[in-house]
Amino acid sequence: MSALKQEEIFEQYIVLPRGAITIGRAENNSIVIEDITVSQNHAQIYTFQNTSHIKDLDSKNGVYVNGKKTHHHIIQTGDSVRLGSYSFIIEGFE
């Protein structure tokens, strides 16, 4: 599995790698976002065979997909994801 580079998450569109990635402010995450509105361990995205699931890891400011708050959601190409005040659009899958 190849991992997203930290700078890639700061682009508007991202391609999700296969496997699991975690997103949050803590250094132990796959993707570290240094933003106070993003929790230490905010969300996990798991991608397998062109299907991605995003799960809120009990974050303070929630996970939103296409403007709707969710705890768990199957995300697809073109979906808009917001974590705290940071958002990105899913461009596709590796």
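Let's begin with His-42. His-42 is buried, because its relative accessible area is 0%. Buried here means under 20% relative accessible area, exposed means over 50%, and partly exposed is in between, using a 1.4 Å probe and protein chains only.

A word on the model before I go on. This is a predicted model: local features need pLDDT of at least 70, side-chain atom pairs count only at pLDDT 80 or more, and totals for chains, interfaces and linings use all residues. Residues are numbered from 1 along each chain as its sequence is written, and side-chain values use heavy atoms, with hydrogens and water left out.

Back to His-42. Where does His-42 lie? It is in the loop between β3 (31-32) and β4 (43-48). Strands are DSSP runs of E with at least two residues, helices are runs of H or I with at least four, and both are numbered from the N terminus.

A side-chain polar atom of His-42 lies 2.9 Å from the backbone nitrogen of Ser-39.

Which residues does His-42 touch, leaving aside its neighbours within four places in sequence? Among them are Ile-23, Thr-37, Leu-57, Ser-59, Val-63 and Leu-83. Contact means heavy atoms within 4.5 Å.

Keep Ile-23 in mind, and turn to the strands. Ile-23 stands opposite Ile-31 in β3. Strands β2 and β3 pair in the parallel sense, over two bridges. On to β4. Strand β2 (residues 19-24) runs antiparallel to β4, and five bridges join them. In β4, Ile-45 is the bridge partner of Ile-21. Two strands pair if DSSP finds at least two bridges between them. One general point: in a regular strand the side chains alternate between the two faces of the sheet.

Next, an open sheet. How many strands does this open sheet have, and in what order? There are five strands, in the order β1-β10-β9-β6-β7, with mixed pairing. The edge strands are β1 (13-16) and β7 (68-70), and each pairs on one side only. On average, neighbouring strands of this sheet are turned by 40 degrees against each other, direction ignored. The axes are lines fitted to C-alpha atoms, for helices over the stretch in contact, and angles run from 0 to 180 degrees between N-to-C directions.

Look inside that order. Strands β6 (residues 63-65) and β9 (residues 80-83) run antiparallel, joined by three bridges. Val-63 has Leu-83 as its bridge partner in β9. Both Val-63 and Leu-83 were in the contact list of His-42.

Now the rings. Arg-82 lies over the face of Tyr-64, at 4.0 Å from the ring centre. The rule: a charge sits over a ring if NZ of Lys or CZ of Arg is within 6 Å of the ring centre and within 35 degrees of the ring normal.

Aromatic pairs next. Rings of Phe, Tyr and Trp (its six-membered ring) pair if their centres lie within 6.5 Å; planes under 30 degrees apart count as stacked, over 60 as edge-to-face and the rest as tilted. By this rule there is one aromatic pair. Why is the pair of Tyr-86 and Phe-88 called tilted? The ring planes of Tyr-86 and Phe-88 stand at 35 degrees, with the centres 6.1 Å apart, so the pair is tilted. Tyr-86 counts as buried at 14% relative accessibility. Phe-88 is buried too, at 1%.

Last stop: the loops. Asp-58 sits in the loop between β5 (51-56) and β6. Asp-58 is not a glycine, yet its phi is positive, about 60 degrees. Is Asp-58 buried or exposed? Asp-58 is exposed, because its relative accessible area is 69%.

Asn-66 is in the loop between β6 and β7. Its phi is also positive, near 55 degrees. Asn-66 counts as partly exposed, at 43% relative accessibility.

Thr-77 is in the loop between β8 (72-75) and β9. It counts as partly exposed, at 48% relative accessibility. Thr-77 and Ile-14 are 63 residues apart along the chain, and their C-alpha atoms are separated by 9.7 Å.

That's the tour. Thank you.

Terms used. A polar contact is a pair of N or O atoms within 3.5 Å; within protein, one must be able to donate a hydrogen and the other to accept it, and residues adjacent in sequence count only if both atoms are side-chain atoms.
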